[in-house]
Amino acid sequence: MSRTAKIVLNENEHELPVVTGSENENAIDISKLRASTGYITIDPGYKNTGATTSAITFLDGEKGILRYRGYPIEQLANNASFLEVSYLLIYGELPNAVELQLFEGNIKMHTLVHEDMKRFFEAYPAKAHPMGVLSSTVSSFATFYPESQNPNRNSEAVNLTIQRLIAKLPTLAAWSYKNSIRHPFMYPKNHLNYCENFLNMMFAMPTEEYVIDPVIVDAINKLLILHADHEQNCSTSTVRIVGSSQANLYSSVSAGICALWGPLHGGANQKVIEMLLKIHIDGGNVDKWVEKAKDKNDPFRLMGFGHRVYKNFDPRARIIKKSCDDVLEKLGVDDPLLEIAKKLEKVALEDDYFKERNLYPNVDFYSGIIYKALRIPTEMFTVMFALGRLPGWIAQWKEMTENNEPIGRPRQIYTGHGSRDYVDVSKR
Ligand code: CMC
């Protein structure tokens, strides 16, 4: 039975359709509200706005549930490879053995980056933030592969772009790091799997072999899977809105990388370590910094705590906390910042301010700690997030284009000056 909602405006009643999702989430469809009433709705930060319907990821923030295409994140993180999950997100089903082999083979075919692009890297200053390098090099791909700009979105060209993006992003990411320390670039090695290859390009040197530790590979694989999609978050909404103008996939993903860079989104994992360092340099008084986070007149927030949608616990954080413990034990890390992190976690979980507001450590709290233990430089943390989020951005872009969604164009309520006459500069 179709249901409706009623709103009364100036004593006139208007009926609006109710849309129900496959997990019984409900929405009031206001797409025709303006046409029938002249009113729009206002919702800064889109906290209460469904921008689309989507069959990719289900998330229940209250219950701490996250599923990709119906599969619980816990099962995927513990059993699947990142490329398997990428295939699932992008094409809708888990690949069978033949499909997976073909997909992995196609990715391996494209891991090299055009030699001309090396010159871009050489031109960036050594201190260039790798997120800036990543977004601009991804955007440049559209100039190297003009077929990606095909407005008809031919599926063969789209698939090629998808394979190139997934294959080349680790190469670009590792090269942006090597460039920042002015070390020679390491080329991809296709006998290695996706995570091994990335670690090798990051840490191997022409002078010595890099021994790949399976515990580290497993942690990276899990982290990439846990970050692979998160429905309509800031960067994904950016990818969808840029793609809605029929911009090509490289440009849309490049815009997503920029959106992810911010400290309230993907940049939080970098900010976690910077915060721990600040507390350490300040003498390590955790209580003092917790009080600062609670003080409304102090802009300081505990980075890595709280989440826009998880108001109970972050299921990704639960899984990664375990990996974090494994990695720290395996590597025997002894780091004062980790001690501060543990104290902070404990204080914040017991303090009423955090409990009342449901502010728990999120995935970025633990991912930052793991990356630090793996000696991945702080500025690369958000790049790691981008590597993981890539298949989600692609899947969402593909879904949006296949559903022929209209160009994204929100409205506003204007609060500026009324009409006024231009005054010549000499008279102002
Ligand atoms: N430290 C101290 N207080 C906080 C924090 C924090 N990290 N997060 C939220 N609050 C307080 C906030 O001041 C507010 O208090 P009050 O109700 O008294 O005004 C209340 O909690 C609700 O906060 P909000 O800002 O309305 O919540 P939001 O849903 O708009 O923001 C958030 C979510 C993630 C932006 C925010 O919690 C935050 O800034 N966290 C730190 C940054 C961070 O770790 N971001 C990574 C998110 S996970 C990665 C991803 O998926 O992008």
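Over how many bridges do strand β5 and β6 pair, and is the sense parallel or antiparallel? To find out, select residues 65-68, which form strand β5, together with β6. The two strands pair in the antiparallel sense over two bridges. Please bear in mind throughout that this model is predicted.

Next, select Y68 and look across to β6, where Y71 stands opposite.

Now widen the selection to the whole sheet. The sheet is open and consists of three strands, ordered β4-β5-β6, with antiparallel pairing. At its edges stand β4 (57-60) and β6 (71-72); each has a single partner strand, so one side of each is left without a neighbour in the sheet.

- Select F305: a polar atom of its backbone is 2.9 Å from a nitrogen atom of the ligand.
- Select R308: an N or O atom in its side chain is 3.0 Å from an oxygen atom of the ligand.
- Select K311: a polar atom of its side chain lies 3.4 Å from an oxygen atom of the ligand.

Finally, display the surface of the ligand. On its own, the ligand has 940 Å² of accessible area, and the protein covers 79% of that area.

Definitions and conventions
Residues numbered from 1 in each chain as written. Predicted model: local features only at pLDDT ≥ 70, side-chain atom pairs only at ≥ 80, totals over all residues. Heavy atoms only, no water. Polar contact = N/O pair within 3.5 Å; in protein donor to acceptor, adjacent residues only side chain to side chain. Areas by Shrake-Rupley, 256 points an atom, 1.4 Å probe, with all protein chains shown as cover. Pairing = 2+ DSSP bridges. Helix = DSSP H or I, 4+ residues; strand = E, 2+ residues; numbered from the N terminus.
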